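I opened my notebook to get to know a new structure. Here is what I looked up, entry by entry.

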Amino acid sequence: AFKYPEMFAGVATHCAALFIEPPGPPKSPDDRLGVWRYDMAKSLYGDPPDAAFFKANNPLDLAQANAAKIKKLKIYFDVGTEDRYKFDVGNKKLAEILTAAGVKHEFRLVSGKHG
């Protein structure tokens with residue numbers, strides 16, 4: 001919706017998998033969270049994650065680049081304060097970006113985990 005806003009009236013998500021930057025390889029195989037986040041990033045942005053492709057498709061970057069165009073969208077997203085995948089970090093950053101750009105949205109940071 002942020003890449004092609006002319007095709008949508010709105011967008012909503014729950015616990016969106018938002019990365020501020022592509023995760024690097026985990027420091028150790030025992031870092032389960034790091035392994036999971038890196039594997040997800042590879043499936044979305046290439047193996048290894050391609051920085052240019054990431055920037056061209058990452059909702060955080062698209063929100064900044066297309067701020068004027070996405071102002072017509074109805075935008076809702078929420079995430080738990082204890083999201084096990086740390087997606088609360090990216091969701092909070094998206095809320096900051098949208099607020100700074102003057103894009104109306106509804107963001108809820110709720111007590112809870114990923115589900």
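**Entry: leucine 18**

I began with leucine 18, which sits in the loop between strand E1 (10-14) and helix H1 (32-45). For the names, helices (H or I, at least four residues) and strands (E, at least two) are DSSP runs, numbered from the N terminus. I noted that this is a predicted model, where local features need pLDDT of at least 70 and side-chain atom pairs count only at pLDDT 80 or more, while totals for chains, interfaces and linings use all residues. I also noted that residues are numbered from 1 along each chain as its sequence is written, and that side-chain values use heavy atoms, with hydrogens and water left out.

Is leucine 18 buried or exposed? Leucine 18 counts as buried because its relative accessibility is 7%. Buried means under 20% relative accessible area, exposed over 50%, and partly exposed in between (1.4 Å probe, protein chains only).

Next I listed what leucine 18 touches: Pro59, Leu60, Phe87, Gly90, Asn91 and Leu94, not counting residues up to four places away in sequence. A contact here means heavy atoms within 4.5 Å.

**Entry: the largest pocket**

Two of those names, Pro59 and Leu94, came up again here: with Phe2, Val11 and Thr13, they lie nearest the centre of the largest pocket, which is lined by 14 residues. The elements giving two or more residues to this lining are E1, helix H3 (59-65) and strand E2 (74-80). The space in the largest pocket is about 200 Å³.

I wrote down how a pocket is found: on a 1 Å grid over the protein atoms alone, a cavity is a set of points where a 1.4 Å probe fits but cannot get out, and a pocket is an open set with protein on both sides within 12 Å along at least five of seven lines; lining residues have an atom within 4 Å of a point. Grid points are joined across faces, edges and corners, and the volume is the space filled by probe spheres set on the points.

What classes of residue make up the lining? I found twelve nonpolar, one polar and one charged. In this scheme Ala, Val, Leu, Ile, Met, Phe, Trp, Tyr, Cys and Pro count as nonpolar, Asp, Glu, Lys and Arg as charged, and the others, Gly among them, as polar.

**Entry: helix H5**

Helix H5 (residues 87-100) has 14 residues and reaches 20 Å from its first C-alpha to its last, close to the 20 Å expected at 1.5 Å a residue. The expected span is 1.5 Å times one less than the number of residues.

Its buried residues are Phe87, Asp88, Gly90, Asn91, Leu94, Ala95, Ile97 and Leu98. They pack against H1, H3, helix H4 (67-70), E2 and strand E3 (106-110).

I stopped at aspartate 88 in H5, which counts as buried because its relative accessible area is 8%. Aspartate 88 touches Val79, Gly80, Thr81, Asp83 and Leu109, again leaving out residues up to four places away in sequence. Just after H5, I saw that glycine 102 takes a positive phi of about 75°.

**Entry: backbone details**

Where else is phi positive? Cysteine 15, in the loop between E1 and H1, has phi near 55°, a positive value in a residue other than glycine. Cysteine 15 is buried, at 6% relative accessibility. Lysine 86 lies in the loop between E2 and H5, with phi near 65°, and is partly exposed at 45% relative accessible area.

I also found a cis peptide bond from aspartate 47 to proline 48, with omega near 0°. Proline 48 lies in the loop between H1 and helix H2 (51-57).

**Entry: the whole chain**

Stepping back, I counted five helices and three strands, in the order β-α-α-α-α-β-α-β along the sequence. Buried residues make up 35% of the 115 residues. Of the contacts with a separation of 6 or more, 72% join residues 24 or more positions apart.
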